[in-house]
Amino acid sequence: MAEGHMPQKHSDESVKLFVGQVPKHMTEAQLIAMFKEFALVDEVNIIKDKATRASRGCCFVICPSREEADKAVDAFHNKSTLPGASSPLQVKYADGELERLEHKLFIGMLPKNVSEGEVSALFSQYGTLKDLQILRGSQQTSKGCAFVKYETKEQAVAAIEDLNGKHKMEGSTVPLVVKWADTEKERQARKAQKAQSLASTLANVDPTQHPSLFGALPMGYMSPYNGYGYQNQPPFTNLSPNQANALRGGSPRNYAVPPAGYMGSAYPAMPRVQYPLAYPGGMRPFSGPPSPVPPEVAKNHIATSSTVSASATDHVEGPPGANLFIYHIPQEFGDEELANAFQAFGRVLSSKVFVDKATGVSKCFGFVSYDSPTAAQSAINTMNGYQLGGKKLKVQLKRDNKQNKAY
């Protein structure tokens, strides 16, 4: 473990730099003196081993402004190797600093026909816009959301306070959503949390008791290698369960797989779970101990919708008749907000809002699963047609996988 000094409080405009390839004999006073020859420096914290208190050969440098930080980077990064170091000094912005300094806002609930000029006219009232981007789909139609970057934090804060949940643009019946944009670190943390949650769920669920968890998977079953070479076999998703079983030469076995085309798994190996790896001509499974599953579960392995189910592997389903499909979810809603909107009708097992993989923007549809059909029906009776975020929700029972239809 490594640690540095307890950081002092600095202004929002202060910038943290990470410095690597620092000779371990150098002191903080020596480093401050070196950096102050080219830039203003408020503080230097050498990162030390927690046990030995010895320098780890790196440190953090705090500059009072971005301008001073840039001076330090320009003067030292990759310019020279200090005595006692093996490589040139590395000076760069610490993780998350650039995004923090961008003062970037997310804007949701924009009218679909809004122009960049209209958005710019509204948001430039609060300060200088350094960037404006309206997110668009493949047909260049607006997705109803945008990003803006301000010159200063104060300008961004003023826009949030005046507009978020208060201002309606012309042609819209709902107020704008204006909030800080997620950083890359926050997006990655959310993905990691979902992956960890799924891994934990699969590791502790007996598929013979909870077949619906495995029935929602996006591809057909693949048995262990039997000498015929799976990479040359046609996909099983085009065959009936009986035909597929005949080709496999064995009884149905459970498995869990990533979305089609995925070249590996982000999840650790777990007992009773088997992951195949995609090849150009078909699928080849990773090794893993199989376990018996009732025949009716194998039927559920037939793919439904590659668009939906490829993202639904972390969605835990309830019993038949307890799973809902929801359209027209407000753009700013995530999994948690969707669950909160539907929890009044019964125990919510899971909720899932589908997002665009490239942009992370909501596709405005998703699933909610209850522990009983009664709760699901109650939710349909109340929420179908309910006005939420300027749109009327469409709430219906999720189609059974056996229908083999896309949602």
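Predicted model: local features only at pLDDT ≥ 70, side-chain atom pairs only at ≥ 80, totals over all residues.

Modeller: Residues are numbered from 1 along each chain as its sequence is written, and side-chain values use heavy atoms, with hydrogens and water left out.

Biologist: How many helices and strands does the protein chain have?

Modeller: We take both from DSSP runs, numbered from the N terminus: helices are H or I with at least four residues, strands are E with at least two. Going by those runs, the protein chain comes to 12 helices and 17 strands.

Biologist: What share of the residues is buried?

Modeller: Buried means under 20% relative accessible area, exposed means over 50%, and partly exposed is in between, using a 1.4 Å probe and protein chains only. Out of 407 residues in the protein chain, the buried share is 43%.

Biologist: In what order do the strands of the sheet with E6 sit?

Modeller: Two strands pair if DSSP finds at least two bridges between them. Here 4 strands make an open sheet with antiparallel pairing. Strand E7 (129-136) and strand E9 (177-180) each have a single partner strand, so one side of each has no neighbour in the sheet. Reading across, the order is E7-E8-E6-E9.

Biologist: How many bridges join E6 to E8?

Modeller: Strand E6 covers residues 104-108 and is joined to E9 by 4 bridges. Towards E8, Gly108 stands opposite Cys145. E6 and E8 run antiparallel, and the number of bridges joining them is 5.

Biologist: Which residue in E9 is the bridge partner of Leu105?

Modeller: E6 and E9 run antiparallel. Ile107 has Val178 as its bridge partner in E9. For Leu105, the partner in E9 is Trp180.

Biologist: Is E6 mostly covered or mostly open, and how many of its residues are buried?

Modeller: E6 is mostly covered. Helix H5 (residues 153-163) lies across E6, E8 and E9, at about 150° to E9, with angles running from 0 to 180 degrees between N-to-C directions of lines fitted to C-alpha atoms (for helices, over the stretch in contact). The buried count for E6 is 4 of its 5 residues.

Biologist: Where is Ser172, and is it buried or exposed?

Modeller: Ser172 sits in the loop between H5 and E9. A polar atom of its side chain lies 3.0 Å from the backbone oxygen of Val174. Its relative accessibility is 17%, so Ser172 counts as buried.

Biologist: Now the other sheet: which strands stand at its edges?

Modeller: This is an open sheet of 4 strands in the order E13-E14-E12-E17, paired antiparallel. The two at the edges each have a single partner strand, so one side of each is left without a neighbour in the sheet: strand E13 (348-355) and strand E17 (394-397).

Biologist: Which residue of E14 is the bridge partner of Val355?

Modeller: E13 and strand E14 (residues 362-370) run antiparallel, joined by 6 bridges. In E14, the partner of Val355 is Ser362.

Biologist: Which helix runs at about 155° to E17?

Modeller: Helix H11 (residues 335-342) lies across strand E12 (323-327), E13, E14 and E17, but its listed angle is about 135° to E13. The helix at about 155° to E17 covers residues 373-383 and lies across E12, E14 and E17; that is H12.

Biologist: Which residues is Phe35 in contact with, leaving aside its neighbours within four places in sequence?

Modeller: Contact means heavy atoms within 4.5 Å. With those sequence neighbours left aside, the contacts of Phe35 are Val19, Val41, Val61, Ala72, Phe76 and Val91.

Key
Polar contact = N/O pair within 3.5 Å; in protein donor to acceptor, adjacent residues only side chain to side chain.
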